[in-house]
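Work through the following exercises with the sequence and the model open side by side.

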Amino acid sequence: MYEASVGLFVPYLSNLSGLLDKGVAHAEARKFDSAILLGMRLSPNMYDLAQQVGEACRHAVVAPALLAKRETVALPALEHDMAGLQARIATSIEFIEGLPRAEIDAGAERNVFFRLKNGTELPFTGRSLLLTFSVPQFFFHVTTAYDLLRHAGVELVKKDYLGRK
């Protein structure tokens, strides 16, 4: 469970941070404020780039915390600036790396409840939360962030997403 959560979320959060760095470099090279990128969305009723990053962090933090029976870290407020998003990613990584492996691994069969933003609680076992909800949600938001940056003209390739050198 640890490898399927922390072992997966940490490298892809790092990759997401790198994607944002490339977005900033793109904006600087073309002499526009990188904050413009953060308001981009694929559709009017979808989250913008900043919210996609925020949701990726939320899923990366909540699932391992629930598995380990720990309170989640208070993430920095979701700001529409690159530095704020980078701080959110760094806080997320630091928190989940600090969770005990044994406690996360022990959470596979534990009953847990994921609280949606509207307050609704969804019941899962730790394993089903991670494998059927949190990991897919996480990758949906990271992929959407990547797609938004690509759509904005940021020169990204698959290895930027995957993190392979």
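In what follows, Ala, Val, Leu, Ile, Met, Phe, Trp, Tyr, Cys and Pro count as nonpolar, Asp, Glu, Lys and Arg as charged, and the others, Gly among them, as polar. This is a predicted model, in which local features need pLDDT of at least 70 and side-chain atom pairs pLDDT 80 or more, while totals for chains, interfaces and linings use all residues. Residues are numbered from 1 along each chain as its sequence is written, and side-chain values use heavy atoms, with hydrogens and water left out.

**Exercise 1.** Describe the lining of the largest pocket.

Step 1. The lining comprises 16 residues, of which Val62, Leu66, Thr72, Phe113 and Arg115 lie nearest the centre of the pocket.

Step 2. Helix H3 (49-67) and strand E1 are the elements that give two or more residues to this lining, and H3 gives the most, with 5 residues.

Step 3. Sorted by class, the lining holds 8 nonpolar, 1 polar and 7 charged residues.

**Exercise 2.** Determine whether Ser5 is buried or exposed, and list its surroundings.

Step 1. Ser5 belongs to helix H1, which covers residues 2-29.

Step 2. Since buried means under 20% relative accessible area and exposed over 50%, with partly exposed in between (1.4 Å probe, protein chains only), Ser5 is buried because its relative accessible area is 0%.

Step 3. Beyond its neighbours within four places in sequence, Ser5 is in contact (heavy atoms within 4.5 Å) with Pro64, Leu67, Ile104 and Leu130.

Step 4. Finally, the Ser5 side chain reaches the backbone oxygen of Met1 at 2.8 Å.

Note on methods: On a 1 Å grid over the protein atoms alone, a cavity is a set of points where a 1.4 Å probe fits but cannot get out, and a pocket is an open set with protein on both sides within 12 Å along at least five of seven lines; lining residues have an atom within 4 Å of a point. Helices (H or I, at least four residues) and strands (E, at least two) are DSSP runs, numbered from the N terminus. A polar contact is a pair of N or O atoms within 3.5 Å; within protein, one must be able to donate a hydrogen and the other to accept it, and residues adjacent in sequence count only if both atoms are side-chain atoms.
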